[in-house]
Amino acid sequence: MPSSFSLRWVAVSIFILSSTLNYLDRNLLSLLAPLVMASLHFNQTQYGLLISMFSITYAVSSLFTGWLLDRIGINRTISGAVGWWSIAAIGHGLIRSFGGLAFWRATLGVGESAGVAAVGKLNGIYLKPEERALGAAANQIGLSLASVIGPLWIGYAVTHSWREPFIVNGALGLIWIPVWLAVNRLIPAHYRNSEIAASASDTSPGGFHMLRDRNLLILAAANVLWMTAYSLWSNWLTLYLIHVHKLTLPQTAYYVWIPPLISNIGGFFGGWLSLRWMRKNMGMLRARRNAVWVSAFGSLLSLLLPLAPNAVWATTLISLSYFFVLAGSVNIYALPIDIFGPQRAGFALAVLTFAFGIMQTAISPIIGKLGDLNLYSQVGWIATVPLLLSAWVLMGCKMAANTEPGSTR
């Protein structure tokens, strides 16, 4: 008979498949961008605007979907969200104009805004406090799996059509919904609803009232800075390799899956680091912040990127950058659960995704313009300086952890 521990992680793993589908649907445009741009006749600046269209609807919708997660629960919210973004992904494959692509890109952002907050809330319900950064790291397995599967579509898209990959990936999301609902009925959560409700933090208001909470605003500011590097490499890696190192689109398939895969190892490194320090009796918040600080210093290697002589060295340095981005990110996204508890984690995490969406809306057209001007070498600072500033924000501010069943102060 499987242990409660193993069953809980099975449930988390099945739920994480939604992240795979989320990232597949989101990232397919960046992988196939040269084909889509040639077919619909738009440039890199307009590509940056497409990212902004996605990001602004993602940001605005995230607060509402986070509120829904706490209000009506994970199952109904994530079922609606996955269904929504799956239909939007299918729509990508049916359009005939840049305007149509912009519409479905914005629609995709609405549905996908629930993804990160839903995984974080699930971790808060199924996992113990010291396991949560590892849970966030496990979620990166889903992203890495998507990063491996996605490039497999490049060969098909080059020889056949770029449209079918969007349609197939969207259909997979519709299949996932009943699978998760069945698993959720079979495997109970670690915390019962009564235990979550007894959490000390529940005496303060949740939902949109949390926007006045100083701790949450600090985390949002730190996330805006930290996730700039993630936005850079998740959206622009293919175009970077094509324009800087002169690869063809089929050649990029040999490289673009490597940095996200290495980032997964970084996520587990960050989760292990904070877990190790907590088990040595370091306070939960201090352990998380120290892990972020270590990751920020590791990101300094990104400054060497302009010196990379070829695509192999560039991919190596980008992989190291991605490694440290995720090492810090899993701890930043664990902090809202530590501070606000599972009961209010949905909205708290949604505020972080809102901040990420606003940041990505602002910087994407700038990166696109730099690309059109052949100034990609100027974007390396985005992968380094903001991370150091984010670590400084977290280290310099006092925050208090939530007291809940099994928590570590």
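Predicted model: local features only at pLDDT ≥ 70, side-chain atom pairs only at ≥ 80, totals over all residues.
Residues are numbered from 1 along each chain as its sequence is written, and side-chain values use heavy atoms, with hydrogens and water left out.

Let's start with salt bridges, meaning a side-chain nitrogen of Lys or Arg within 4 Å of a carboxyl oxygen of Asp or Glu. The whole structure has three. In one of them, Glu112 pairs with Arg26, with the closest N and O atoms 3.0 Å apart. Glu112 lies in helix 5 and Arg26 in helix 1, so the pair ties together parts that are 86 residues apart in sequence. Helices here are DSSP runs of H or I, at least four residues, numbered from the N terminus.

Is Glu112 buried or exposed? Buried means under 20% relative accessible area, exposed over 50%, and partly exposed in between, using a 1.4 Å probe and protein chains only. At 0%, Glu112 is buried, and Arg26 is buried at 13%.

Another bridge joins Arg288 and Asp338, at 2.6 Å from N to O. That pair links helix 15 to helix 16, 50 residues apart, and both partners are buried.

Now for the loops. Most residues other than glycine have a negative phi. His41, however, has a positive phi of about 60°; His41 sits between helix 2 and helix 3 and is exposed at 67%. Asn281 has a positive phi of about 70°, and is exposed too, at 73%.

Key: Helix = DSSP H or I, 4+ residues; strand = E, 2+ residues; numbered from the N terminus.
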